[in-house]
Amino acid sequence: MSYRSLSLWHDTLPEGEPVPRVGLEGPADADVVIVGAGYTGLWTAYYLAEKQPDLRIVVLEAEVAGFGASGRNGGWCAGEIAGSRRRIAERHGRGAVTAIWREMFKTVDEVGRAIEAEAIDCGFVKSGILTFASIPAHVPRLRAQIEEEREWGFGEEDFRWLDQPEAEARLRAQGIGGAVFTPHAAAIHPARLARGLAEAVERHGVKLYEQTPVLLIRPGEAVTGAGTVSAPVVLRCTEAFTVDMPGERRRFVPVYSLMVATEPLSEATWDSIGLAGREVFNDARHLIIYGQRTEDGRFAFGGRGAPYHLGSTIRPEWERSPSTHQQVAASLRALFPQIGDAAITHEWGGAVAVPRDWRPTVRFDPLTGLGTAGGYVGEGVAAANLAGRTLSDLVLGRSTELTRLPWVGHRSRRWEIEPLRWTGVNLGRIVAGAADRAELRSGKPSKVMAGMLDTLLGR
């Protein structure tokens, strides 16, 4: 297949890339074998090699490094993590909530440090996030978010309300009525980060085999069609693709997020829009949208809303939905009429892993040598780095601040059997869209529908 057709990001890799590495050619031994060469697997390998250079580390990838969500996402390296703060606090205390969020803030800088240290050219710029009110109903919801942040101990330096003139000084979107700004985020070219990180781990002595699907993971072994890699530590870092492994169909719901990109826009057009600092952005609607100004002057813009497919299936055809892509492009043009008739040059998509309680995890069992990390609900660019550092500490038997964070050891219950999860997930998608339409009509937050949405999705 042509990997360049996967997304804008793959299509704008250096010419000729990505070229698959050689696959595994027979049985092998290692100290650690990692299944999956997305951000989680690569960061875990990177920090294991950095902390203990004599480890024999093997990474196995079914396609190419950065094939999945790591190479196709919106390019947000954000200091955010999925999951209900209230539920985390009920189990672990309020201090645990503050600790993991503060660690996520610092993770954005750690990603930047590693990118600089390894000379990875991925357009990293710490720009912050603008979450703006595009209709009047969004204003009270965003104001309430600021109040909530203060209650959790986060100050103006972490989350700040921008009134309409301040928001428009940064971003001139249609109907903007103010925004929440947080500096804890960077814009990146995700596929260049993934491919650059793959090269970095190889420089640190890690063996990376692409085109090597893993058929089975069990204590001491990762079994492939080309042979078995034996190792006392086996780590599964497969995110949404976990559902294709034996016995894991109900571990996550793979939810498709679809994106479009415009042709490069003129400087005059960008002057009329803003985003001079390349801030990443979204608005406060329920059916999520997100975007960035790319390094080469395009809009890269995405949204949820594609249907969930029965049986947690992941297929290439689900990455292209003409109706959903049209809706995403229409949302972009409605928010930014300044782009006029600019061409949409790329349409793509990918699956994100959603656990039943919307909480990611990092786990390692020293008795079996099995470990895993993931379930980021689409917020994994930075979270995967923190997960990789944490998982490496767990594997090496180190007790650190990271290994005491509340996602360590967390287990989400499995999703319901079909067709219950198909009904629930798609009903949630429908309710989210209905809530947005109701808010557009009334100009007021739709508290009833928002509550229904949280109940349906188990958040």
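Me: In which sense do β6 and β16 pair, parallel or antiparallel?

Reply: Keep in mind throughout that this is a predicted model. Strands of a sheet pair through backbone hydrogen bonds, either parallel or antiparallel. Here Phe132 stands opposite Asp283 of β16, and β6 and β16 are joined over four bridges, with a sense that is parallel.

Me: Which residues of strand β16 point the other way from Val280 and Asn282?

Reply: Strand β16 covers residues 280-283, and all of them are buried. Val280 and Asn282 point one way from the strand, while the other way is taken by Phe281 and Asp283.

Me: Which residue has its backbone oxygen 3.0 Å from a polar atom of the Ser127 side chain?

Reply: Ser127 sits in the loop between β5 (125-126) and β6 (129-132), and its relative accessible area is 8%, so it counts as buried. Leaving aside neighbours within four places in sequence, Ser127 is in contact with several residues, among them Phe181, Gly277 and Glu279. The backbone oxygen that lies 3.0 Å from a polar atom of the Ser127 side chain belongs to Arg278.

Me: What is the phi of Arg278, and is this residue buried or exposed?

Reply: Most residues other than glycine have a negative phi, and most peptide bonds are trans. Arg278, found in the loop between α9 (267-273) and β16, has a positive phi near 60°. Its relative accessible area is 13%, and since the cut-off is under 20%, Arg278 is buried.

Me: How does Gln211 count by its relative accessibility?

Reply: Gln211 lies in the loop between β10 and β11 (214-218), and its phi is also positive, near 55°. Its relative accessibility is 38%, which falls between the cut-offs of 20% and 50%, so Gln211 counts as partly exposed.

Me: Which strands are at the edges of the open sheet of six strands?

Reply: The sheet has the order β10-β3-β2-β14-β21-β20, with mixed pairing, and the twist averages 15° from one strand to the next. Within it, β2 (residues 32-35) and β14 (residues 233-236) run parallel and are joined by four bridges, with Val33 having Val234 as its bridge partner in β14. An edge strand pairs on one side only, and the strands that do so are β10 (207-209) and β20 (361-365).

Me: How many of the 16 residues of α11 are buried?

Reply: Helix α11 (residues 380-395) packs on the sheet and touches β2, β14, β20 and β21 (370-374), its direction making about 15° with that of β20. The helix is largely enclosed by the rest of the structure, because the number of its residues that are buried is 16 of the 16.

Me: Which residue does a cis peptide bond join to Glu17?

Reply: The bond has an omega of about -5°.

Terms used:
Residues numbered from 1 in each chain as written. Predicted model: local features only at pLDDT ≥ 70, side-chain atom pairs only at ≥ 80, totals over all residues. Heavy atoms only, no water. Helix = DSSP H or I, 4+ residues; strand = E, 2+ residues; numbered from the N terminus. Buried < 20%, exposed > 50% of the residue type's maximum accessible area, 1.4 Å probe, protein only. Polar contact = N/O pair within 3.5 Å; in protein donor to acceptor, adjacent residues only side chain to side chain. Contact = heavy atoms within 4.5 Å. Pairing = 2+ DSSP bridges. Axes fitted to C-alpha atoms, helices over the stretch in contact; angles between N-to-C directions.
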